[in-house]
Amino acid sequence: MTTPALLVAHLSKTYPAKTPVEAVRDVSFQVAEGEIVALLGPNGAGKTTTVKCILNLVRPTGGEVQVYGHDHNDLTRLYRHVAAVLEGNRNIFWRLTPYQNLEVFAAYAGVPPRQARQGIERWLAFFHLEDFHTEVRHLSRGNQQKVAIASALVRQTPLVMLDEPTLGLDVEAKRELVPMIRRLAREEGKTILLTSHQMDVVEALADRVIIIQDGQVIAEGTPAELKRLFDAKTYRLEIRLAGGLPPAVQARWRLQEIEAADGYHVFSVVLPDPQRIYRLLDDLEAAGAELLSLQPDIPNLEEAYVRLVQSNGNGHTPSPASVSPPKH
């Protein structure tokens, strides 16, 4: 069996306080080599604490983390295999040029000078930064973000963690950076764990998505799999009926009215069993409604994410894929 690039097993973190805070509770997942995996969740869900535990910036209360088969407490191996860009572009030196920034980070990582020069030239060219000779503080936000990522990559680690890599970028800068991140995995063989609140970015980049809420993994799968959790279950119903549907019909089918105007009504209805569609149509006909359309409401990733988080908040938690603890 191939050793995953990253394995997190039953990770937990409780912050001591008068009332202890469980920031991470029994989180388990793994990332295969060459994968791009997105870690999503509302503010305060435990994403940042999870990432910091992986990087050993925060000491876990329990569980295990392995990077390429080695315990993350072996710091020498950890920093040889993992580079991270946390909190946007704060990890760069504002009064240095892009070249000088990469030079410093290569030296920190102990990269031999000849390899460092080759790596610096390679990553500056990769991110189209080779012609920028000014201090980083004078660059655009998008180019500053590229310098931050390049500074992590020059360390030559196979696993890269990117925290909100497109946060604060304008449309053009984001459009340019996203394909570059994709190329890191597809062409450069990097394994990437990223966090983001921008669902279009996640949908464009991620092979798999892990959703965390209240410190727990509530769902895991490809973007398509997460969207399919709601395929053919939620329907958009359009009818014409003066005066509206009888309250009893609406209550029986739990119809949620989305739009209403001049006898035209649009509802959202959840039908886990497609066979119930026919009974719903019978009830609509009996109420005198003219059916205009009934079609599956297939969500995009953002809508699926919102529904998952909301369903978990109501006590209905989708079953996440299980991850076995590492064998010794």
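Why does Phe126 count as buried? Its relative accessibility is 6%, and buried means under 20% relative accessible area, exposed over 50% and partly exposed in between (1.4 Å probe, protein chains only). This is a predicted model, in which local features need pLDDT of at least 70 and side-chain atom pairs count only at pLDDT 80 or more, while totals for chains, interfaces and linings use all residues. Residues are numbered from 1 along each chain as its sequence is written, and side-chain values use heavy atoms, with hydrogens and water left out. Here is a friendly tour, starting with the sheet.

**The sheet and its helices**

- Six strands make up an open sheet with mixed pairing, in the order β6-β7-β8-β3-β9-β10. Helices (H or I, at least four residues) and strands (E, at least two) are DSSP runs numbered from the N terminus, and two strands pair if DSSP finds at least two bridges between them.
- At the edges of this sheet are β6 (82-85) and β10 (216-221), each of which pairs on one side only.
- From one strand to the next, the twist averages 15°. Axes are lines fitted to C-alpha atoms, for helices over the stretch in contact, and angles run from 0 to 180 degrees between N-to-C directions.
- Strands β7 (residues 159-163) and β8 (residues 191-195) run parallel and are joined by five bridges. Within this pairing, Val160 has Ile192 of β8 opposite.
- Helix α1 (residues 47-54) packs on the sheet and touches β3 (36-40), β7, β8 and β9 (208-213); contact means heavy atoms within 4.5 Å. The direction of α1 makes about 130° with that of β3.
- Helix α6 (residues 171-186) also packs on the sheet, where β3, β7 and β8 are touched. The direction of α6 makes about 130° with that of β3.

**Aromatic pairs**

- Five aromatic pairs are present in the structure. Rings of Phe, Tyr and Trp (its six-membered ring) pair if their centres lie within 6.5 Å; planes under 30 degrees apart count as stacked, over 60 as edge-to-face and the rest as tilted.
- The ring centres of Trp123 and Phe126 are 5.3 Å apart with the planes at 70°, so this pair is edge-to-face.
- Both Trp123 and Phe126 belong to helix α4 (residues 113-126), where they are three residues apart, about one turn of the helix. Trp123 counts as buried, at 3% relative accessibility.
- Phe126 also forms an edge-to-face pair with Phe127, at 5.0 Å centre to centre and 75° between the planes. Phe127 is buried, with 0% relative accessibility.
- Elsewhere, one aromatic cluster is formed by Phe93, Phe105 and Tyr108.
- Over the face of Tyr15 lies Lys13, at 5.1 Å from the ring centre. A charge sits over a ring if NZ of Lys or CZ of Arg is within 6 Å of the ring centre and within 35 degrees of the ring normal.

**Salt bridges**

- The whole structure holds 13 salt bridges, each defined as a side-chain nitrogen of Lys or Arg within 4 Å of a carboxyl oxygen of Asp or Glu.
- Arg208 and Glu35 meet through their side chains in a salt bridge of 2.8 Å, N to O. This pair links distant parts of the chain, 173 residues apart, with Arg208 in strand β9 and Glu35 in the loop between β2 (21-31) and β3.
- Arg208 is buried at a relative accessible area of 15%, and Glu35 is buried at 14%. Both belong to a network of salt bridges that links Glu35, Arg208 and Glu220.
- A salt bridge also joins Asp200 and Lys174, whose closest N and O atoms are 3.0 Å apart. Asp200 is in helix α7 (residues 199-205) and Lys174 in helix α6, so parts 26 residues apart in sequence are tied together.
- Asp200 is partly exposed at 45% relative accessibility, whereas Lys174 is buried at 17%.
- Arg240 and Glu290 form a salt bridge at 3.7 Å, N to O. Arg240 lies in strand β11 (residues 234-240) and Glu290 in strand β14 (residues 290-296), so the pair ties together parts 50 residues apart in sequence.

**Two more residues to look at**

- Thr97 sits in the loop between β6 and α3 (98-108) and is buried, at 14% relative accessibility. Leaving aside neighbours within four places in sequence, Thr97 is in contact with His133, Thr134, Glu135 and Val136.
- Pro179 is part of helix α6 and is partly exposed, with a relative accessible area of 32%.
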